[in-house]
Amino acid sequence: MGIGLPAGAIIALAGFFGGWLAFDPVGDIPAALIAGIFLFFVPVFIEELVFRGVLLSWLATFSQRWGSWLSAFLFMLWHPLQALTFGPPWAAIFLQPSFLFATFILGIILTHIRIVTQSLWPVIAIHWTLVLAWKLFFGGPFY
């Protein structure tokens, strides 16, 4: 909790100043609920399994400190890679420096939590909550 609040404030400021975070609640609640279920699996569960599960565990065998930083950095780089290869409608957001900065900060925090708790479930819950909040209340694109 001690690092979560300052990190959340930094991420929120990056989003507001970057223009990809603004209070804009979704009106279609049934569609939002369906999207919420989908978002649990893609991107949250898969990303956490890869970056904080398999990758972090493998990298930590060499060095926990450098493995943590590299895992967070690769998590950040994954987002522009998605934008450039899959080209989702929100690709422009994934290429913004403020979004990449916020993603890196989130990656650091989630990696720390994963190491401290020795569990993927807290980071999955936090990542899912943040993605849901962004998409349902703060203008994150669905399509």
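A crossing is called left-handed if the near helix is turned anticlockwise from the far one by less than a right angle, and right-handed if clockwise. Helices are DSSP runs (H or I, at least four residues), numbered from the N terminus. The model is predicted, with local features requiring pLDDT of at least 70 and side-chain atom pairs counting only at pLDDT 80 or more, while totals for chains, interfaces and linings use all residues. Residues are numbered from 1 along each chain as its sequence is written, and side-chain values use heavy atoms, with hydrogens and water left out.

**Exercise 1.** Determine how α2 and α5 cross, and which residues make the contact.

Solution. The axes of α2 and helix α5 (residues 97-117) come within 11 Å and cross at roughly 60°. The two helices are therefore oblique to each other, since angles under 35 degrees count as roughly parallel, over 145 as roughly antiparallel, 65 to 115 as roughly perpendicular and the rest as oblique. The crossing of α2 past α5 is right-handed. Contact (heavy atoms within 4.5 Å) involves Glu48, Arg52, Gly53, Leu56 and Ser57 of α2, and Gly107, Leu110, Thr111, Arg114 and Ile115 of α5.

**Exercise 2.** Repeat the analysis for α2 and α6.

Solution. The axes of α2 (residues 29-60) and α6 (residues 121-137) come within 9 Å, crossing at roughly 140°, and the pair is therefore oblique. Here too, α2 passes α6 in a right-handed crossing. Among the residues that meet are Phe40 and Phe45 in α2, and Trp121 and Trp128 in α6.

Conventions: Axes fitted to C-alpha atoms, helices over the stretch in contact; angles between N-to-C directions.
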